[in-house]
Each structure stands twice: as structure tokens, then as C-alpha cells.
Amino acid sequence: MKKPFTIERDQLDGVIAVLRVAERRSFRAAAAELGVSPSAISQTIRGLEARLGVALLTRTTRRVGLTEAGQRFLDRARPAVAEILAAFDAAQSLGEAVTGLLRLNMPRALVPFLAEPILAQFGAAHPALQIEIFAEDGLANIVAEGFDAGIRLGELLEADMVAVRLTPPFQFAVVGSPAYFARHGRPQRPEDLHRHACIGTRQSPQGPIYRWEFVEGSRAFDIAVAGPVIVNSGGLNLMAAAMGLGLAYTAAPAAQDQVAAGALEPVLQDFCPGTPGLFLYYPSRAQALPKLRAFIEFVHDTLRPETTAYMGARDGTPKKSVPPVGFRLPGPS
């Protein structure tokens, strides 16, 4: 019979340390974030592992990983710790001071466009607030992973999230350089891409190559592409296309400057789909926190475009959109 479980005074020691090491995959980085030494982090985690009777982390000279037990522990502990930290924030919110740690999750391609206004303007306006920007291209569960808010395309948002528009709707595009088209011709239909060099994008190191998405009438379909270059950055994607290495699939506004300059030319416009645009999203219960309320207000006043910047077609399909001043949209990365 399993003995009753009771929480001793030190039972929770090491939980946050394990979470931070698992997230950063580094004792040194976790120690710097928590303001302690790496040896103190290591000792705390060893104590937790001793109490549990099982190893949670695998340690080598080059990397830190999770054991199966560690992954199970992380999956259950992460949302619980996030709720506890939210409880602290909620209690602190009674003072209405914009303090604490604001954790934001966004695609890597957005960082060059959003990091500066967030850090320089919003951060300067709230010096008591610590801001963390975590860039990744996977679909993060912001609640389970302890983020206050995230930024993603509208069609990728979970149904129970509150969303604030960041950009107008826009279309995707296939672009190539004039030199590439002079050598290889222009695809007339998406199926022609099998005979062209296409720049591949991968969202994660072990993930598949992104399949390019198209529409024809009411039919939506995707095409597996291949080519000499694979990247995980919207900037590299367009750079390779401008060099004539192949065709790139991107958000149309991301390539608009290069198209206007003649460095890139769009093709397959009649088959490229639209998207509702980029949105800031967060769980509804988090809106009560002063730090998130302040950030939402900042997004509304500074980053969010005017609703008149885009007028959708009568049939609901997006026209070519104009992004807000100072903001250029990234392509898939």
C-alpha cells in the first residue's frame, strides 16, 4: 500500500531550479537567471532527486537533458509552478504597480521588429518590470510553459485565448529573383514547383520541411518542396531568394521592399492564401495583472495598426495589406 504523501518544509526545494535548468538546458544560464551560483543550483537539484529517489536530469560536459522521470516531472510541475507564480502576481496586483517578470513568447522572425519597441519604449516606461522575450517557432502552450502572452498568426490561436490584433490581414507570396527566373522560367501553377529549386524552412531542428500552402477556389492544399538551401529564419529565406538560389515562400509584406526595389518578383499570386494577421494572445484570467494590462495598452497604442489600414474584400478574402509604419512582417521561418 502506498504511504500517504505529506509535504515537508523542504519538499518543494529545487522545483523551480529544475524547471529553469530544463528550459535553458544549462546550469550556468539557470543560475544566472535565479541569481545564484551553478554549484548551488546543482546541489539543490541533487537534493530534490535524492528525496524523489530518481534522477531528473542527465548531465554531460556539453549538454543537460531530461530523463523520462524528469520529463514527466516537468510536464506536471511546470503548469503548477506557473499558477503559483501567477498567484504571487495577482496578490501583488493589489498595489497596481507594474512590477515582476513579463514573459513573452514570439516567433524568432518577429524579434528584430518587436524587440526594440518593447524593450526601449515599454521597458523604459516601466523600469520596475523585468521583460523576458523567448523566441521560438513552435506552437508554445503559453499557460503550461509560464508565459504571460504570445504572438502568433490568427489561425493558430487556441479557442480559449483572448487576442489583440497586431497587424492587418495579409497574404503569403512566392518570390524569386529576376536572375533565377531568367535561368529557370516562372512556375504557372503550384505543381510546377516540383521542377524548381525552392528554399526550405524548418521550424525546429528535428521538424519537417515546411510544406508550402496554396488555395484554388475553395480547395486548400500544400506542396512538398525541395532545393539546395534550408533555413530557419525569415531573413535568410529572403536573402537566399535574392541571391538567386531558389524561390521563397514568405508573408507578402515581408518581401514588399525587395519587390519594390526589383530584387524579387512574385509569382503564383492567384494561388497564395491569406491569413487573418498577427495577434497578441493571452489567457483571460491573466488580464487582471497590472504588468499584462500595461503591455496590452502599449500594444493597442503603439504596435497595433489602425483598423482603417486594411479593408477586406466583400467575399472575405484578404487584399494586399499595408503593415503599420515601422513594422515589417516576417515570412515563415
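Student: Which residues does Ala77 touch, not counting residues up to four places away in sequence?

Tutor: Ala77 touches Val15 and Leu19. Keep in mind that this is a predicted model.

Student: How far apart are Ala77 and Leu19, in sequence and in space?

Tutor: They are 58 residues apart in sequence, and their C-alpha atoms are 8.0 Å apart in space.

Student: Where does Ala77 sit, and why does Ala77 count as buried or exposed?

Tutor: Ala77 is in helix α4, which covers residues 68–92. Ala77 counts as buried because its relative accessibility is 11%, and buried means under 20%.

Student: What about Ala82, where is that found?

Tutor: Ala82 is found in helix α4 too. With a relative accessible area of 18%, Ala82 is buried. Leaving aside neighbours within four places in sequence, Ala82 is in contact with Val143 and Gly146. Ala82 and Gly146 are 64 residues apart in sequence, yet 4.8 Å apart in space, C-alpha to C-alpha.

Student: Can we zoom out? How many helices and strands are in the protein chain?

Tutor: The chain has nine helices and 15 strands. Of its 333 residues, 45% are buried. Among contacts between residues at least 6 apart in sequence, 73% join residues at least 24 apart.

Student: Now a helix. Which residues of α2 are buried?

Tutor: In α2, residues 27–34, the buried ones are Phe27, Ala30 and Ala31. They cover an arc of only 100° around the axis, so they sit on the same side of α2.

Student: And which exposed residues are on the face turned away from that buried side of α2?

Tutor: Arg28 and Ala32 are the exposed residues there.

Student: What covers the buried residues of α2?

Tutor: The cover includes α1 (15–24), α3 (38–52), β1 (57–59) and β2 (64–66).

Student: What is the phi of Leu268, and is Leu268 buried or exposed?

Tutor: Leu268 has a positive phi near 60°, and it is not a glycine either. Leu268 is found in the loop between β13 (265–267) and β14 (274–275). At 5% relative accessible area, Leu268 is buried.

Student: Let's switch to α7. Which of its residues are buried?

Tutor: In α7, residues 234–242, the buried residues are Gly234, Asn237, Leu238, Ala240 and Ala241. Seen down the axis, they fall within an arc of 160°, so they line one face of α7. Their cover includes β7 (170–176), β12 (248–251) and α8 (256–261). Just after α7, Gly244 takes a positive phi of about 85°.

Student: Last topic, the largest nonpolar core. Which residues touch the most other members?

Tutor: This core has 57 residues, and the ones touching the most other members are Ile118, Phe122, Val174, Trp212, Phe214, Leu280 and Phe295. Helix α9, residues 290–303, gives the largest share, seven residues.

Student: Why does this core lie between domain 2 and domain 3?

Tutor: Because both domain 2 (100–168 + 277–303) and domain 3 (170–275) give residues to it. As background, nonpolar side chains in soluble globular proteins tend to be buried together.

Student: What does Phe122 touch, not counting residues up to four places away in sequence?

Tutor: Phe122 touches Leu102, Pro117, Leu129, Ile131, Lys291, Ala294, Phe295 and Phe298. There is also a second, separate core of 20 residues, which includes Val21, Ala30, Ala31 and Val81.

Definitions and conventions: Residues numbered from 1 in each chain as written. Predicted model: local features only at pLDDT ≥ 70, side-chain atom pairs only at ≥ 80, totals over all residues. Heavy atoms only, no water. Buried < 20%, exposed > 50% of the residue type's maximum accessible area, 1.4 Å probe, protein only. Helix = DSSP H or I, 4+ residues; strand = E, 2+ residues; numbered from the N terminus. Arc of directions from axis to C-beta. Contact = heavy atoms within 4.5 Å. Core = buried A, V, L, I, M, F, W, Y, C linked by side-chain atoms within 4.5 Å. Domains from an automatic or database assignment.
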